[in-house]
Every structure is written in C-alpha cells, then in structure tokens.
2 protein chains.
Amino acid sequence: MVSIGELSQQTGVSTQAIRYYEQIKLLPAPKRADNSYREYDDSDVERLQFVKRARQLDFALGDIAEILAFRDQNEPPCQYVMNVMAQQISAIEERVADLQRLRDELATLHRAGLTMPEDIEMKQCVCHLIKTGLSNEVGNDE
Amino acid sequence: MVSIGELSQQTGVSTQAIRYYEQIKLLPAPKRADNSYREYDDSDVERLQFVKRARQLDFALGDIAEILAFRDQNEPPCQYVMNVMAQQISAIEERVADLQRLRDELATLHRAGLTMPEDIEMKQCVCHLIKTGLSNEVGNDE
DNA sequence: CTAAACCTTATAGTAACTATAAGGTCAAGT
DNA sequence: ACTTGACCTTATAGTTACTATAAGGTTTAG
C-alpha cells in the first residue's frame, strides 16, 4: 500500500492531478487509512501508468476513460484504441500542416518587417501587414 | 455607427467574443445608444480587424493587448511586434517538432497494433504497448 | 514541543472563448 | 393593439487538464 505522494513519485503524476483524476472518475476512489489518507495498491499504480503514458501520447482524458471502461467491463479495448489512435494521427497531421502554414506566413511577415519603418499609425509598417496580409502590399504590382 | 451584430458581421468575430474583448480591455468600452445598445465607429472596426488577424496568426490576447497599448500611447509597436513574431516562429517550430515526434510514435504503435491480438488484460496488445512503449517489446531481441 | 513534511478538502485561476438563462427593445405583420 | 421574431442587455456556467492557494489535520524527527 502506498500513499498518494508515493504514487505520485512512482508515476510522475502530481498529487493534485491524481486527486483530479479521482474526481472525474478516471481513477477509482481508493481505500482510506485510519487517518483518512488515500491508500493505493499495485493495480492503481499500473492504471495510472497507463493514463500517464496515454496522456504523453496526447490522448484526451475522455478517451482514456473510455479505454479503461472497456477493460473494467472485461472487454478488450484494443479496437477502440486503434480507432482513437488513427484519429489522433490525422488530427496531428492536420495540426502540423496548419502550424507550418502559419509559420511560413509569420516568417514572411517578419522578413518584410525587417525592411519597413516604424509607424505609430500602423499604415506603413509590419503592424499594418498583420492586418492586411502581404498580398496587396508587397511584391504586387498592379 | 454600427451595432455589435454588424461589427461582428464585418469582422467575423462573434458578438460574445467582442463583449469578452471589451471585458478584458482589449477593446475600449464603446458609446451606448439611448436603448443602451453598443455603438461602434470605423476605428473600432479597424482595431477589431487587427485583433482578428493577429489571432489568426496565433498571437496571444495578452500580446495583442501590449501591441495595441503601444499604439494607444503613440509609440510605434513595430519593434515589439517583430520580437513577438520571432518568438512565435520559434515556438511554432518547437511545437511542430514535438507533434511530428508524437505522430511518428503513434504511427509506429498503430502499425504494431495491426498485428496484435485483442486482450482484456492489456498484456499482449496495443494497449499494453501504450504503457510500455515499443522498445522492450518489439524489434528488440535480448 | 515544535517545526517540517506529509496528508485532507474546497475553491479559484489558467486561455479564450462558447453557451445558457432571463430579460429588454424594436420592426413587421395581423 | 398585439404578438412574433430578431435583435440587444447582463450575468453566470461550462470547456480542458490541470495548478495554485487556503485552511486545516497528522506524522515524524530533533
């Protein structure tokens, strides 16, 4: 039997996060010692290790809860996990593409800004470009 | 003079977001009509357009507030903006690298999962791999 | 005996909003 | 005149996954 502090150390999850997981029912309410301290056993450690690792893989707590619910009902969660993973992968790919587009846009604006004056009114400087974008200002003869 | 609904339509920012921006003092409290409806003028439209665009570039509201504060005090914000941009760019690059690492890890787990059985106990299936990672399970003879 | 290092609960704060409730105002239609 | 619907108002709760704080009880070491 380990205390919440020991569980925290063994898993690298903060004690507040552990209590939070209990509150949202991701972890079962543990037994209490006479002094009302929480007491955890090996299966609790294992469950929390799974949660920790799934969080590192950016699974949402709701997804993790569903995965654990399968197991709690003696059903293999693997199929569900595979689906969540596939979704995660495409979500990440989309997010990366978005971020790269954003990065390119910022880098272009930044380069443009290096050649521009400071301007309180923001009509002639990089601040203005933020609002309008580059297209109708730079490299666009019309 | 335009109403909050019209401002919303002209900028693509929701009315709730506009009220929220007012609340956190990103936008000044506008004049009110006799019926206490908010009334906005051209400079409000312009300011909100700047905010919108900066948000699309993923600037934090706090950064945007600082940029606008420069202008409100008749100082050119450009230097500050350039710094924020440079920070944004490296933050994004880091985030992209993190996400790509994550994506690779998930993709590898997913591929491994395709060849594994379903397992309630999660000792022999992809769910187990989530907890332990691949290294000591797959492609590792020892 | 007291100070530190634990533990407990409850509550507020984070970011950037969205959603909801409960109500006031206004223009158009019957 | 009245009602319907589309606006507007404020205030509050919910989102995500926690962290931080307050205010207190317990245990251990010196």
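1. A base nitrogen of DNA strand C lies 2.8 Å from an N or O atom in the side chain of B:Y37. Two elements give two or more residues to the surface near DNA strand C: α1 (4-11) of chain A and α2 (15-23) of chain B. Helices (H or I, at least four residues) and strands (E, at least two) are DSSP runs numbered from the N terminus.

2. The model is predicted: local features need pLDDT of at least 70, side-chain atom pairs count only at pLDDT 80 or more, and totals for chains, interfaces and linings use all residues. Residues are numbered from 1 along each chain as its sequence is written, chains are lettered from A and ligands numbered from 1 in the order in which they are written, and side-chain values use heavy atoms, with hydrogens and water left out.

3. DNA strand C is surrounded by 18 residues, the closest being A:G5, A:R19, A:R38, B:S14 and B:R55. Of the atoms of DNA strand C that come within 4 Å of the protein, 76% belong to sugar and phosphate. A residue is near the strand if one of its heavy atoms lies within 4 Å of it. The largest share of this surface comes from α2(B), which gives four residues. By class, the surface holds eight nonpolar, six polar and four charged residues. Here Ala, Val, Leu, Ile, Met, Phe, Trp, Tyr, Cys and Pro count as nonpolar, Asp, Glu, Lys and Arg as charged, and the others, Gly among them, as polar.

4. Chain A also meets the phosphates. A polar backbone atom of A:G5 is 2.7 Å from a phosphate oxygen of DNA strand C. For A:R19, an N or O atom of the side chain is 2.7 Å from a phosphate oxygen of DNA strand C.

5. In helix α2 (residues 15-23) of chain A, the residues A:I18, A:Y21 and A:E22 are buried. Seen down the axis of α2(A), the buried residues fall within an arc of 100°, so they line one face of the helix; the arc is that of the directions from the helix axis to the C-beta atoms. Buried means under 20% relative accessible area, exposed over 50%, and partly exposed in between (1.4 Å probe, protein chains only). The face turned away from the buried side carries the exposed residues A:Q16 and A:Q23. The buried residues of α2(A) pack against α1, β1 (31-32), β2 (38-39), α3 (42-56) and α4 (61-72) of chain A, contact meaning heavy atoms within 4.5 Å. After α2(A) comes A:K25, whose phi is positive, near 65°.

6. Over all chains, 16 salt bridges are found, each a side-chain nitrogen of Lys or Arg within 4 Å of a carboxyl oxygen of Asp or Glu. One joins A:E46 to A:R71, with the closest N and O atoms 3.2 Å apart. This pair links distant parts of the chain, A:E46 being in helix α3 and A:R71 in helix α4 of chain A, 25 residues apart. A:E46 is partly exposed at 23% relative accessibility, whereas A:R71 is buried at 14%.

7. A:R47 and A:D72 also form a salt bridge (2.9 Å, N to O). A:R47 lies in helix α3 and A:D72 in helix α4 of chain A, 25 residues apart. A:R47 is buried, with a relative accessible area of 11%, and A:D72 is partly exposed at 49%.

Definitions and conventions
Polar contact = N/O pair within 3.5 Å; in protein donor to acceptor, adjacent residues only side chain to side chain.
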